[in-house]
Amino acid sequence: MSTTSTKIRCPKGYVRLSPSMLRKVNDLPVAIYYCDGESDRAVLFREANVQVDEHTLDELIESKGSNLFLRTSDFKNTCAELLDSLGDLVSDDTMEPTDRFSMLQAAVSFEVERTLKAIDPSHYVGLVADVSRHINALVTQNDLVPEELFAIARHDSQTFTHVTNTASYATMLAEKLGITDDAELDQIAMGAMLHDMGKRSIPSHILSKPGRLTTEERELIQTHPQRGYEELVTRIDVSHEQKLMVYQHHEHFDGNGYPVRIRGSEIHPWARLLSVVDVFDALTGSRPYRRPMTMHEAAEFIESRAGTQFDKEMAQCWVAAVKSN
């Protein structure tokens, strides 16, 4: 069902409700707010503890769905509730798989950002292990394809957005390459969610800098695979293969990557796989210094570097998956 209202800017202190989230919060004791765009202020639309019937909810989504909001504090509490029941949410076949993925991203948003900033990474690793299993189940059991996921996935520069998108794409590509073992797919999804862990020690003003990086800033960012590997190397709850995904995901097939410029089969297959979908998601995500590419533009970029930056077979497999829809 399409929404006819004009989408306006999100008021400060509020979070926009997606249609799937709106359906979910209809059962929860949270107030819903509306903004018509004439001012930056949101006004109370529905008090907490007031539910609407299914028909009215459909009409609400049709007329005002893109302009309904929750207070950020209420959204955070809602996400915590969803996270506690993530398994039930992912397996809820009364919802479309794409809606379930959208809800999963919302559910993990605050917890990913919070645990990633902690000095001890144990909570983040534990969260990632749990979430990656749910991502694998959601993608593989429902035969999601890149176009479906791309249509509903967030495309901003938030950490939780990038790691959940990349883990989902990595699972899809692994399946396309013939990997069918659930345990292996779980491992790949988890490695993909861990891959940028080293960026947590890079100053945020450098990571989000809108202009051109200096040589020193670029060199600092390029240390993140090494930094992430060093944080994880002694952990027994992260496999050797996953650690190599973290360490090698910016190596290029032709040897022109970093941090150590290895090439070809020296790069672990999971890291080569991750390299393709990591760049794809980065290119299609919004950044302060450039516009996001469409999925087909990003696929053409990947295709143009098959055999140089990327493993040729893996790059062509991903491009075929993107272009077949």
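The largest cavity is lined by E251, H252, F253, I267, A271, R272, S275, Q309, F310 and D311. A cavity here is a set of points on a 1 Å grid over the protein atoms alone where a 1.4 Å probe fits but cannot get out, and lining residues have an atom within 4 Å of a point. Before going further, note that this is a predicted model, in which local features need pLDDT of at least 70, side-chain atom pairs count only at pLDDT 80 or more, and totals for chains, interfaces and linings use all residues. Residues are numbered from 1 along each chain as its sequence is written, and side-chain values use heavy atoms, with hydrogens and water left out.

Back to that cavity: it holds about 40 Å³ of space, where a volume is the space filled by probe spheres set on the grid points, joined across faces, edges and corners. Its lining divides into four nonpolar, three polar and three charged residues. In this scheme Ala, Val, Leu, Ile, Met, Phe, Trp, Tyr, Cys and Pro count as nonpolar, Asp, Glu, Lys and Arg as charged, and the others, Gly among them, as polar.

R272 sits in helix 14 (residues 269-284); helices are DSSP runs of H or I with at least four residues, numbered from the N terminus. R272 counts as buried because its relative accessibility is 14%, and buried means under 20% relative accessible area (1.4 Å probe, protein chains only). Leaving aside residues up to four places away in sequence, R272 touches F253, G264, S265, I267, D311 and M314, with contact meaning heavy atoms within 4.5 Å.

The whole structure has two cavities of 30 Å³ or more. By class, the second largest cavity is lined by six nonpolar residues, one polar and one charged.

What about the cysteines? C35 is buried at a relative accessible area of 2%, and C79 is buried at 1%. The count of disulfides comes to zero, taking a disulfide as a pair of cysteine sulfur atoms within 2.5 Å.

Finally, a word on confidence. The protein chain has a mean pLDDT of 89, and 95% of its residues reach 70 or more; pLDDT is the predictor's confidence in each residue, from 0 to 100. Confidence is lowest in helix 1 (residues 19-25), with a mean of 80, and highest in helix 13 (residues 240-248), at 98.

Methods: On a 1 Å grid over the protein atoms alone, a cavity is a set of points where a 1.4 Å probe fits but cannot get out, and a pocket is an open set with protein on both sides within 12 Å along at least five of seven lines; lining residues have an atom within 4 Å of a point. Buried means under 20% relative accessible area, exposed over 50%, partly exposed in between (1.4 Å probe, protein chains only). Helices (H or I, at least four residues) and strands (E, at least two) are DSSP runs, numbered from the N terminus.
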